[in-house]
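User: Could you walk me through the cross-links and side-chain contacts in this one? I have the sequence and the coordinates open.
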Amino acid sequence: MDTAAAAMAAGGAEEEEDQARMEAIADNLQTRDAMRLYNWVSHRCFSDCVTTFYRRALGKKEEDCVRACVRKFLLLSSASAARFSHLAAGGSDD
């Protein structure tokens, strides 16, 4: 019986190691995806809004455009997340 208990303990340790590895992979993927999203939004809003490079700072129109661009993206993201959450919870198509 000692060998059976030892085998079960070893199996439990392996499962914990596998779980820790999977969590580390998931964390890395989330970080990578967040960075990609941040870079995409930055590039998109910069490309759409910044029109001149004659000044070091953004002009008033450029600054307002960037704020509106980011605000729209955040609203879209939160609406999408809410919808996916609703669908994942088994909500019906309203």
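Analyst: Counting the bonded cysteines along the chain, the disulfides of the protein follow the pattern 1-4, 2-3. Please keep in mind throughout that this is a predicted model.

User: OK, and how many disulfides does a search of the whole structure find?
Analyst: The search of the whole structure finds 2 disulfides. One of them joins Cys 45 to Cys 69, with an S to S distance of 1.9 Å, and the other is formed by Cys 49 and Cys 65, whose sulfur atoms are 2.1 Å apart.

User: Where do Cys 45 and Cys 69 sit?
Analyst: Cys 45 belongs to helix H1, which covers residues 2-49, and Cys 69 belongs to helix H2, which covers residues 60-88, so that pair links distant parts of the chain, 24 residues apart.

User: Buried or exposed, those two, Cys 45 and Cys 69?
Analyst: Both Cys 45 and Cys 69 are buried.

User: Why is the Cys 45 and Cys 69 disulfide given the handedness it has?
Analyst: The torsion about its S-S bond is about -80°, and the disulfide of Cys 45 and Cys 69 is therefore left-handed.

User: And what about the link of Cys 49 and Cys 65, which hand is that?
Analyst: The link of Cys 49 and Cys 65 is left-handed, with -65° about the S-S bond. Because Cys 49 lies in helix H1 and Cys 65 in helix H2, this pair ties together parts that are 16 residues apart in sequence.

User: How accessible are Cys 49 and Cys 65?
Analyst: Cys 49 is buried, with a relative accessible area of 4%, whereas Cys 65 comes out at 29% relative accessibility and counts as partly exposed.

User: Switching to charges: how many salt bridges does the count come to?
Analyst: The count comes to 7 salt bridges. Among them is the one between Asp 48 and Arg 44, where the closest N and O atoms are 2.9 Å apart.

User: How far apart in helix H1 are Asp 48 and Arg 44?
Analyst: Asp 48 and Arg 44 are 4 residues apart in helix H1, which is about one turn of the helix. Asp 48 is partly exposed at a relative accessible area of 45%, and Arg 44 is likewise partly exposed, with a value of 42%.

User: Which residue forms a salt bridge with Lys 60?
Analyst: That is Asp 64, with the closest N and O atoms 3.2 Å apart. Because Lys 60 and Asp 64 are 4 residues apart in helix H2, about one helical turn separates them. Lys 60 is exposed, with a relative accessible area of 62%, while Asp 64 is partly exposed at 35%.

User: What about Arg 55 and Glu 62?
Analyst: The side chains of Arg 55 and Glu 62 meet in a salt bridge, at 3.5 Å from N to O. Arg 55 is partly exposed, with a relative accessible area of 46%, but Glu 62 counts as buried, since its relative accessibility is 5% and the cut-off for buried is under 20%.

User: Which residues are linked in a network of salt bridges?
Analyst: Glu 17, Asp 18 and Arg 21 are linked in such a network.

User: Now the aromatics, how many pairs does the structure hold?
Analyst: The structure holds 2 aromatic pairs. Trp 40 and Phe 73 form a tilted one, with 6.3 Å from centre to centre and 55° between the planes. Since Trp 40 lies in helix H1 and Phe 73 in helix H2, the pair ties together parts that are 33 residues apart in sequence. Trp 40 counts as partly exposed at 47% relative accessibility, and Phe 73 is buried, with a relative accessible area of 19%.

User: And why are Phe 46 and Phe 53 called a tilted pair?
Analyst: The ring centres of Phe 46 and Phe 53 are 6.0 Å apart and their planes stand at 45°, so the pair is tilted. Phe 46 counts as partly exposed at 41% relative accessibility, whereas Phe 53 is exposed, with a relative accessible area of 66%.

Methods. Residues are numbered from 1 along each chain as its sequence is written. This is a predicted model: local features need pLDDT of at least 70, side-chain atom pairs count only at pLDDT 80 or more; totals for chains, interfaces and linings use all residues. Side-chain values use heavy atoms; hydrogens and water are left out. A disulfide is a pair of cysteine sulfur atoms within 2.5 Å. Helices (H or I, at least four residues) and strands (E, at least two) are DSSP runs, numbered from the N terminus. Buried means under 20% relative accessible area, exposed over 50%, partly exposed in between (1.4 Å probe, protein chains only). A salt bridge is a side-chain nitrogen of Lys or Arg within 4 Å of a carboxyl oxygen of Asp or Glu. Rings of Phe, Tyr and Trp (its six-membered ring) pair if their centres lie within 6.5 Å; planes under 30 degrees apart count as stacked, over 60 as edge-to-face and the rest as tilted.
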